[in-house]
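Reader: Can you walk me through this model? Keep it short.
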Amino acid sequence: MTDKNNIALSVKNLKTFFYTNNRCNKAVNGVSFDVEKGKTLCIVGESGCGKSVTAATIMQLLPTLSRIEEGEIIFHKDDKTVNIEKLEKNGKEMRNIRGSDIAMIFQDPMTALNPVYTVGFQISENLKYHTNLNRKEIREKSISLLNDMGIPLPEKRVDEYPHSYSGGMRQRAMIAMAMACNPKILIADEPTTALDVTIQAQIFELMEKLKEENDTAIILITHDMGVVAELADNVAVMYMGNIVEAGTADDVLRRPTHPYTKALLESVPVLGRGKNQDINPIKGSTPDPYNRPVGCQFAPRCNWQTESCDVMPEITQINKTHQIRCHKYEQFFEKYDEKRNS
Amino acid sequence: MKKEILKLRDVKVYFPVKAGVFNRTVGHVMAVDGVDLDIYRGEVLGLAGESGCGKTTLGKAILRLVEPTNGEVTYVSKEDDETELTSLEKKDMDPFRKKLQIVFQDPHSSLNPSFTIFGSLQDPLKKFGVNSKEERRKIIGDLLEAVNMRREYMDRYPHEFSGGQRQRIGIVRALCLDPELIVCDEAVSALDVSIQAQVLQLLMQLKKDNNLTYLFITHDLSVTEYLCDRIAVMYLGRIVELCDSEDLYKNTLHPYSEALISAIPVADLDKKTKRIVLEGDVPSPVNPPKGCPFHPRCPKAKDICKTEVPTLKKYSTNGNEHYASCHLIDLPEIS
């Protein structure tokens with residue numbers, strides 16, 4: 001079981017709802033997880049399943065039409081604990097945490113950087129508000145951050161505008177910004193989706209390094225099971241605002257037990273398996289969030305649906321680390337035991 | 001025996017770079033820089049590479065949606081008649097447009113939002129002589145059913161459909177003239193993983209039913225491995241490796257393909273390999289490096305790579321033809 005002292009952030013039964021046109025979209029509907037120091041938690045799922053909203057909730061970056069309905073976000077800062085959901089959105093305490101203790105890398109570096117300020121200015125802004133360094137030191141620190149990120153000629157590049165950076169360099173500048181104050185937790189929301197595989201490999205290398213050197217806890221949001229296999233220590237699979245399966249990377253990838261996790265793994269071609277591999281698409285598409293299925297959210301697309309699926313399944317702990325939200329997990333999980341014993 | 005459907009010879013597409021008060025041309029973006037390629041009837045040819053390597057431009061140049069600066073694109077009909085496409089007048093292209101179609105990358109911007117699906121899709125049919133409205137509705141309805149959509153959907157507007165459905169409508173648009181070759185330009189890249197698998201299976205089914213040939217442009221090598229018979233890897237406007245899809249993974253010859261393959265995250269904990277991390281970005285195609293265009297990033301580069309441009313040479317792996325352009329390959333060349 002996870003060591004209590006090692007937990008950097010725990011989220012308990014978090015619910016974030018959006019209110020538009022008198023309708024309520026339950027984007028995040030009761031999510032719980034822990035993030036450990038120096039470990040990577042990957043949150044996986046299709047678009048619209050609430051991954052990014054979870055991240056935005058932790059950072060309190062939600063739009064005005066939404067609010068945290070229920071639940072707790074507990075940030076373990078050194079010895080004390082802070083309940084993030086109780087802090088005022090733009091209050092002093094939240095602004096102190098945001099950017100210095102918890103930092104975020106956004107999906108699209110093209111839109112996340114401000115085109116009318118130099119990259120150096122945008123990095124130093126963080127340092128200006130969260131540290132006591134003077135102007136000269138701040139500049140030096142920005143240059144050394146860019147240098148750490150492997151950007152050539154950082155002394156010159158620091159005064160350039162985002163448009164003269166390439167896509168990969170912009171994402172690295174974003175990571176430099178996020179890492180400026182040595183955050184305890186780094187939230188990366190699909191950091192490499194817009195990038196080429198070769199650049200993606202560079203960014204992953206960098207994130208691994210940061211994790212080892214600074215003991216940062218990383219929450220990585222992705223839809224690519226390949227990325228999960230490469231980087232994750234722990235995995236949470238989300239579907240329609242719920243975590244349907246969670247556990248260590250070993251648990252989830254070697255013994256996928258929820259039908260949705262299985263289906264996700266089977267729907268992508270895997271490199272090295274050649275032309276004759278089977279890929280099985282998941283039938284149908286994700287349901288309309290305003291018109292959800294009654295019980296298990298995945299039931300209409302599931303091949304093993306039965307009457308019992310009309311009731312929302314509870315989270316079951318299969319073993320110490322592996323938990324699942326499905327009525328029929330036993331029959332799937334036993335298969336792995338049989339395989340192991342034979 | 002394999003028969004060609006398209007033969008590309010030394011195709012180049014240069015875009016001028018203009019600057020200054022007089023808008024003078026100060027250089028060229030060499031998007032496609034001398035590509036020789038044969039596409040055979042009934043095969044799926046994958047075209048892979050990083051963004052900016054010229055794959056999309058090459059796909060468009062084949063259909064003359066972008067005019068090639070130089071080179072020949074020859075279409076070979078079923079009866080072995082050869083026609084050179086680049087020298088044709090615009091209006092003489094029409095009969096060939098019917099044979100060569102394209103599915104675009106972004107299903108959200110490739111359909112006109114103010115037309116119904118039928119309104120958008122009937123135009124090519126009208127142009128090619130399907131004059132009765134009943135018949136046009138029948139053709140489009142049948143095709144919609146072939147891609148697992150309901151016939152009635154043709155009277156709806158694009159905003160009523162999800163991304164996967166729109167991509168299927170894009171495929172119907174390409175299919176409605178009964179083409180022989182379809183260029184799929186990143187046809188599944190914008191889709192969610194579960195929907196991507198649906199569209200991939202649909203494409204394979206349609207290929208079987210209609211005897212199609214695909215030129216499948218993508219940056220995702222795990223998709224190409226699943227789908228393609230042969231794969232061409234492009235770098236800075238040139239083809240650096242061309243071979244059977246299986247050979248590309250088992251007997252990789254070019255260091256760029258090797259790095260590209262190792263960088264792909266594989267969803268299999270038992271198959272973790274060391275990734276080769278390339279330094280830096282793709283160089284600018286306005287001012288490509290001297291010698292082998294890949295040498296500044298190549299982990300194996302030697303002195304010869306800095307001065308001499310390698311040409312695409314023929315080798316043999318597993319008894320199959322295998323083309324690669326690199327100075328450092330140890331295999332005997334085949335003429």
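Author: First, a term: a nonpolar core is a set of buried Ala, Val, Leu, Ile, Met, Phe, Trp, Tyr and Cys residues joined through C-beta atoms within 7 Å. Buried means that 20 or more other C-beta atoms lie within 10 Å of the residue's own, exposed means 12 or fewer, and partly exposed is in between, with C-beta atoms placed from the backbone. This is a predicted model, where local features need pLDDT of at least 70, side-chain atom pairs count only at pLDDT 80 or more, and totals for chains, interfaces and linings use all residues. Residues are numbered from 1 along each chain as its sequence is written, while chains are lettered from A and ligands numbered from 1 in the order in which they are written.

Reader: Which residues touch the most other members of the largest nonpolar core?
Author: Ala176(A), Ile219(A), Val228(A), Val237(A), Val172(B) and Phe216(B), out of 185 residues in that core.

Reader: What is Val228(A) in contact with, leaving aside its neighbours within four places in sequence?
Author: Its contacts (C-beta atoms, placed from the backbone, within 7 Å) include Cys42(A), Val44(A) and Ala267(B).

Reader: Switching to chain B. Is helix α1 mostly covered or uncovered?
Author: Mostly covered: eight of the eight residues in α1(B), residues 55-62, are buried. Helices are DSSP runs of H or I, at least four residues, and strands are runs of E, at least two, numbered from the N terminus.

Reader: And what comes just after α1(B)?
Author: Arg64(B), which takes a positive phi of about 60°.

Reader: How many helices and strands in chain B?
Author: Ten helices and twelve strands. Of its 335 residues, 45% count as buried.

Reader: What ipTM and pTM does the complex get?
Author: The predictor gives 0.80 and 0.85, respectively.

Notes. Two residues are in contact if their C-beta atoms, placed from the backbone, lie within 7 Å.
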